Amino acid sequence: MDLNQSVRVIWALTRLVYFPSVAEYRKKADRLIADTEQTGPLRRLQEEIASNIYVDPACGAGTFLNVAYAQLREIETDLIVERRKREGATTGALDVTMDQMLTIDKFFGFELNWWPAKIAETAMFLVDHQANRELAARTGQAPERLPITLTAKITHGNALRLDWSSELPTPPGKTFIFGNPPFLGHYTRNSEQAEDLNTAWGEDVSGRLDYVTGWHAKTKDLLATRPGEFAYVTTNSITQGLPVPALFGPLYREGWKIKFAHRTFAWDSEAPGKAAVHCVIVGFTKAPSARQQLWDYPNVHGEPVPQRVVTGVNAYLIDGPDLMVKATTKPLSPHNPSRSIWLHASRRRAPRVQSQGRQARVWQRPRGSEVPSALRGDV
Ligand SMILES: C[S@@+](CC[C@H](N)C(=O)[O-])C[C@H]1O[C@@H](n2cnc3c(N)ncnc32)[C@H](O)[C@@H]1O
């Protein structure tokens, strides 16, 4: 990954990792540091952060894991420094190793390719080292890490075939899952990848689903038996047209709701000849009280603008009721049951009209620009 690509990944990350969970911890920590005299709540927040596991199931070289760990360690360092200030030398642990709780063994990744998997594992040591140096600069001590017993666990394998529950221990806290797994539409995946998707979705599989949704299916299954939240950067097609009920139907059925979403933005590829991909970020929770957040990109290459959410963020990333438009072969109007006409567009021939009924009406297919973008599928 070159520097420009890294910048784009980190840009997406600030939206993906920072907003949902890390930002909540940052806010809590800032509030506790500013508002309370006691040290107990500071310690408890530190314990909570360290009680979770953090997983990128298509981790590549591990940038998302690196940034999440670095940001969480920054928060933890602030909490340790504040506790030590309040407790003084009498009640604080003399050895900072006792105070420092979040470690890289709480970070997990899956990656198909061996080389990036190794880079991801190694990079976590470097981020750990940097975070320890920062702690030493502020407290005078760094936690002891030798001999090396703690490592991030990066599993080299096919995430859609791995048994996630045996790869990922059940932590005392939550399981946070995030990443940008690969997008592959129906015509671009090979037969093995098509089979991956079938395996991941089981009986809920649909040809409308992009390969990326295999990660939603595996996440849904894992988090059916433990608390957690998840968010992925994906192609925007998952929020348009027929893929919507195919993906969101099973998720809603199991109690998931959108916690935050970024509408379509362009993620430019730096590779020669490659176009920008249009992405969305959708984060999910099962917490009924979660206040939903939504961002829009008036310029897809520009900055996100927060949106006011009144009713709720639905699967088309619109503030409105939770409706999903499903395919149907029956006329919508009960008064016009047998007067439908189909336009058969073939690549080789002009549209052919087939009539059923005497006074048939032709429903013209609207031009792309006339269809609300949220309802338009990638055709
Ligand atoms: C868009 S990249 C993610 C890059 C990553 N965020 C990083 O920081 O490098 C998607 C990654 O998923 C990996 N991948 C593709 N198919 C996979 C599969 N079935 N199981 C696990 N990893 C897969 C690719 O090798 C690639 O590294």
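Biologist: How many residues of helix α8 are buried?

Modeller: Helices are DSSP runs of H or I with at least four residues, strands are runs of E with at least two, and both are numbered from the N terminus. A residue is buried if 20 or more other C-beta atoms, placed from the backbone, lie within 10 Å of its own. Helix α8 spans residues 213-222 and is mostly covered; Trp 215, His 216 and Leu 222 are among its buried residues. The count is 9 of its 10 residues.

Biologist: Thanks! What should I know about the model and its numbering?

Modeller: This is a predicted model, where local features need pLDDT of at least 70 and side-chain atom pairs count only at pLDDT 80 or more, while totals for chains, interfaces and linings use all residues. Numbering starts from 1 along each chain as its sequence is written.

Biologist: Which elements cover the buried residues of α8?

Modeller: Contact here puts two C-beta atoms, placed from the backbone, within 7 Å. The cover includes α6 (164-167), β4 (175-179), α7 (191-201), β5 (228-235) and α9 (243-253).

Biologist: Nice. Which are the edge strands of the open sheet?

Modeller: Two strands pair if DSSP finds at least two bridges between them. The 9 strands run in the order β3-β2-β1-β4-β5-β7-β6-β8-β9, with mixed pairing. Pairing on one side only marks the edges, β3 (153-156) and β9 (305-307).

Biologist: And which residue in β7 stands opposite Ile 258?

Modeller: Strands β6 (residues 257-267) and β7 (residues 277-285) run antiparallel, joined by 8 bridges. Opposite Ile 258 stands Phe 284.

Technical notes:
Buried ≥ 20, exposed ≤ 12 C-beta atoms within 10 Å, placed from the backbone.
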